[in-house]
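Colleague: I would like to learn how to read strands and sheets in a model. Could we work through one together?

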Amino acid sequence: MKEVLKVSHLYIRLKRALDQPIVNNASFSLQKGSALAIVGESGSGKTLTCKAVMRLLNARQFNISGSIRYNGMDLLEMSEKKIRALCGSKIAMVVQNPMTAFNPTVKIGAQMAETLRVHQKLRKKAAYELGIHALERMNLPRCEQLMNSYPYVLSGGMLQRITIALALIHEPDFIIADEATTALDVKNQQMVLEEFEKMKRRGIGLLLVTHDFGVAAKLADDMLVMRRGKIIERGTVYDLFSAPQQTYTKELLDASMLRKEKCM
Ligand SMILES: Nc1ncnc2c1ncn2[C@@H]1O[C@H](COP(=O)(O)OP(=O)(O)OP(=O)(O)O)[C@@H](O)[C@H]1O
Ligand SMILES: [Mg+2]
């Protein structure tokens, strides 16, 4: 299987703090067409790890060491111009709150066309048409009308599917989804999970950060458990669910089951 991402010995430290690194020697890899879930308590370093891959951490604030390799290139060494061209095209991210991904006062179509013009240097009309096509692929209804809508009139689930449509437009090699379904109701969550499933089948790698073990069980092949910046357990989803080795993983699993029972 082709490796699309390889993170080796990643350390993230706050420059002003000399104590423990926030992410402490994290290593993992992601294969084409597979999904890797990162789970762990709040504050364990999951989002910072994702942001380091996208090179979204402020270099004045954070000290980052190790390597993050994509297609043989180290993303940490890459020029700012090159990394920005890559992120949003070959490497995409879907965030927790889709509202934050859009400017609420600019119509969806104009925002999609702008992204397409930046990354693919398309003319306005061609970009607009490609945008509609991307929305249609996501099974969104009345796509022309959607392109003419402002983000604030759309539901969270719809917006999230639009962000996924945007993320998929350039056929990325992998997608980082940081709590991408957390803010959605059950029906919309289901739809988004189905889209992720289709992506995997098309060969796109998925790095999935989630609190929801149900989501991890549905989508992921492998799983990492993070605690206080360290990966404390890893394995296939089956192994981690059926025979977790660390007490902490067991506690997380139990807590998640308990939550589910209470919701039923
Ligand atoms: N800009 C920042 N400045 C200082 N500390 C930060 C900053 N961003 C994150 N941290 C700290 O780094 C740690 C890891 O944060 P991170 O956002 O990666 O956690 P997380 O595992 O994604 O948590 P959650 O599940 O709540 O999203 C936290 O203790 C957080 O307070
Ligand atoms: Mg987070």
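Colleague: Which residue in β8 stands opposite Ala177?

Modeller: Good place to start! This is a predicted model. In it, Leu208 of β8 is the residue facing Ala177. The strands concerned are β7 (residues 174-178) and β8 (residues 205-209), which run parallel and are joined by 5 bridges.

Colleague: In what order do the strands of the sheet with β7 and β8 lie?

Modeller: Read across the sheet, strand by strand. You find β6-β7-β8-β3-β9-β10, an open sheet of 6 strands with mixed pairing. Because β6 (91-94) and β10 (230-236) have a single partner strand each, they stand at the edges, and one side of each is left without a neighbour in the sheet. On average, neighbouring strands here are turned by 15° against each other, direction ignored.

Colleague: Which helix lies across β6 and β7, running at about 175° to β6?

Modeller: That is α6, residues 156-168. Helix α1 (residues 46-53) lies across β3, β6, β7, β8 and β9, and its angle to β7 is about 150°.

Colleague: What is the strand order in the open sheet of 4 strands?

Modeller: The order is β2-β1-β4-β5, with antiparallel pairing. Its edge strands, β2 (23-31) and β5 (73-74), pair on one side only. Between β4 (residues 62-70) and β5 there are 2 bridges, and Arg69 has Asp74 in β5 as its bridge partner.

Colleague: Which strands of that sheet does α1 lie across?

Modeller: Helix α1 lies across β1, β2 and β4, running at about 115° to β1.

Notes. Residues are numbered from 1 along each chain as its sequence is written. Chains are lettered from A and ligands numbered from 1 in the order in which they are written. This is a predicted model: local features need pLDDT of at least 70, side-chain atom pairs count only at pLDDT 80 or more; totals for chains, interfaces and linings use all residues. Side-chain values use heavy atoms; hydrogens and water are left out. Two strands pair if DSSP finds at least two bridges between them. Axes are lines fitted to C-alpha atoms, for helices over the stretch in contact, and angles run from 0 to 180 degrees between N-to-C directions. Contact means heavy atoms within 4.5 Å.
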